[in-house]
Amino acid sequence: MFIDSHAHLVDERLTGFVPNNDIDAIVTSSYKASNIEKTLNIAFQNKNCFATLGIHPQFCDEYNVDVEKYIISQKSQPKFVAMGEIGLDKNYDNDFTTQKRTFTKQLNIAQELQLPVVCHIRGCFDVFFDIIRHYDNLKLMLHAFCGTKLDCFKAIDLGAYISFACNITYKRHDDLRKIAAAMPLEKLLIETDSPSMLPAKFMRKGSNTPNNVYFVAETIANARNTILDEIACATKQNAIDLFKLKL
């Protein structure tokens, strides 16, 4: 049984999605202001579906006081399990200073509410580490990890979990497979980041779904020269521990 630690069920491409029997739970994330409430409602409406709420760096301009108030107002909801997806990304053409300010404000909420944080970090791990060192006891998940081995182990030293998405199945990403093989099993998570990022065998064949988390687990099991069950069981327990899931 697998837990998809990061998907976007709010995306219209996943309308009507039905998990198969291998999926034990899904953690679904918002990414902009207009789908924060919708993301939480999806979690309410589906057993073993849990929500993370936040603004992605691509949409950092949408962060405002109303968004902040809504997120804080949901602090007692058991289906609200983390802040996310939030972070930093140098690949976007918006103002990076605004990204940093929005990221910091959302980290402050996570610390106030004592929630884990689902982080999107691309092209700026140095800035991420410089910001995160000012926070104590934040539980972190680096989603769809795309950094170096050094970045991975530096994050783990801070207590972070490292989550690999379907891009680990791509032939060109032997670097990610080597990192997944070398890192501690107790800090490993798997995800699809669906509906984006189809596994290699399905490239250009529609939208990704949480059911494809199997291929992430299979790829990591092969990289670590272990059985699939070990990856399934470990990543399931890691997700339960990080998000305090009640299945």
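Strand S4 (residues 80-89) and strand S5 pair in the parallel sense over five bridges, where two strands pair if DSSP finds at least two bridges between them, and helices (H or I, at least four residues) and strands (E, at least two) are DSSP runs numbered from the N terminus. Within this pairing, Gly 87 stands opposite His 120 in S5. Five of the six residues of S5 are buried, so this strand is largely enclosed by the rest of the structure; buried means under 20% relative accessible area, exposed over 50% and partly exposed in between, with a 1.4 Å probe and protein chains only.

This is a predicted model, in which local features need pLDDT of at least 70 and side-chain atom pairs count only at pLDDT 80 or more, whereas totals for chains, interfaces and linings use all residues. Residues are numbered from 1 along each chain as its sequence is written, and side-chain values use heavy atoms, with hydrogens and water left out.

S5 (residues 117-122) also gives the most to the lining of the largest pocket, with three residues. That pocket has a volume of about 500 Å³ and is lined by 24 residues, of which His 56, Tyr 92, His 120, Asp 193 and Met 197 lie nearest its centre. By class, its lining has nine nonpolar, nine polar and six charged residues (Ala, Val, Leu, Ile, Met, Phe, Trp, Tyr, Cys and Pro count as nonpolar, Asp, Glu, Lys and Arg as charged, and the others, Gly among them, as polar). On a 1 Å grid over the protein atoms alone, a pocket is an open set of points with protein on both sides within 12 Å along at least five of seven lines, a cavity is a set where a 1.4 Å probe fits but cannot get out, and lining residues have an atom within 4 Å of a point. Grid points are joined across faces, edges and corners, and a volume is the space filled by probe spheres set on the points.

The search of the whole structure finds one cavity of 30 Å³ or more. Among the residues that line the largest cavity are His 120, Phe 125 and Phe 145, and the lining divides into seven nonpolar, two polar and no charged residues.

A search of the whole structure finds 10 aromatic pairs, for which rings of Phe, Tyr and Trp (its six-membered ring) must have centres within 6.5 Å, with planes under 30 degrees apart counted as stacked, over 60 as edge-to-face and the rest as tilted. Two of the pairs are tabulated here.

| Pair | Centre to centre | Angle between planes | Class |
|---|---|---|---|
| Tyr 31 and Phe 59 | 5.9 Å | 40 degrees | tilted |
| Phe 125 and Phe 129 | 6.2 Å | 40 degrees | tilted |

Being four residues apart in helix H4 (residues 125-132), Phe 125 and Phe 129 are separated by about one helical turn, and both are buried. Together with Phe 103, Phe 128, Phe 145 and Phe 164, Phe 125 and Phe 129 form one aromatic cluster.

Turning to the backbone, most residues other than glycine have a negative phi, and most peptide bonds are trans. Asp 193, however, has a positive phi of about 55 degrees although it is not a glycine, and at 11% relative accessibility Asp 193 counts as buried. A cis peptide bond joins Ser 194 and Pro 195, with omega about 15 degrees, and the peptide bond from Gly 84 to Glu 85 is cis, with omega near 5 degrees.
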